[in-house]
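Below are some comments for a colleague going through this model. They are arranged as numbered points, each on one topic.

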Amino acid sequence: MTSSAKKAWDAGLQSCHVCQRLEPLGTDHCSRCTTVLKVRKPYSRQRTLALTSTASLLMLPAHLLPIMRTETLGDSQENTIVGGVLTLWDHGSYPIAVLIFFASVTVPIGKLSALFWLVWSDKAIDLDTAHRNSRLFHLAHWVGPWSMVDVFVVAILVGLVQLSGVLQIYPGLAIVSFAAMVVTTMLAANAFDERLIWDRVKAQDGQS
Ligand SMILES: [Zn+2]
């Protein structure tokens, strides 16, 4: 197999996860930035799985509870996220409806599925699959914080509409669950040690 499947520890080295400096195995602290060195993040798989499961559970109240309440001249209406997207679509606000659907449904479900997919299996994979998994992880990591767009949309709506006086908008409980879900998903991605992806290649090509 190609030498790209070789790990630093095969050469008696470990990398600092902060500044990437290579140090001999068994060194406690990075000689450049003094970070405590670990060959792999401790319990990375378990912590990622626990945080991903928590975030998935938070998805339920985030989507089932109302995200905002609108009051017009004594008439009060509550909207869930998806209900709000449908209302926006009915009113012809297509770009905002698509943006909110993307930020509140597509991105969180995509990111959580990607993390589950990456931690669930420790079966051996080939190098091409490892490259694909690595790209998937980077995409999930990069796109995750954009879900916070939802929280900002509600915050801006509440602020803007309050000024007009006739119509009043109040944030609903779902916004708290939603923000907690986004943050927990970000923590889950941070808990994941990306090098676990490449360790699975070694399991298959151990004789290289
Ligand atoms: Zn360092």
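1. A residue is called buried here if 20 or more other C-beta atoms lie within 10 Å of its own, and exposed if 12 or fewer do. The model under discussion is a predicted one.

2. Ala 189, which has its place in helix H6, counts as buried because it has 24 C-beta neighbours inside 10 Å. Leaving aside residues up to four places away in sequence, Ala 189 touches Leu 115, Ala 140, His 141 and Gly 144.

3. In helix H2 (residues 81–90), the buried residues are Ile 81, Gly 84 and Val 85. Seen down the axis of H2, these buried residues fall within an arc of 100 degrees, so they line one face of the helix. They pack against helix H1 (44–64), strand S3 (68–72), strand S4 (75–79), helix H3 (94–120) and helix H6 (174–191). Just after H2, Gly 92 takes a positive phi of about 85 degrees.

4. Gln 20, found in the loop between strand S1 (13–15) and strand S2 (22–24), has a positive phi of about 70 degrees although it is not a glycine; with 10 C-beta neighbours inside 10 Å, Gln 20 counts as exposed.

5. Tyr 43, in the loop between S2 and H1, likewise has a positive phi, near 50 degrees, without being a glycine. Tyr 43 is exposed, since 12 other C-beta atoms lie within 10 Å.

Note on methods
Residues numbered from 1 in each chain as written. Predicted model: local features only at pLDDT ≥ 70, side-chain atom pairs only at ≥ 80, totals over all residues. Helix = DSSP H or I, 4+ residues; strand = E, 2+ residues; numbered from the N terminus. Arc of directions from axis to C-beta. Contact = placed C-beta atoms within 7 Å.
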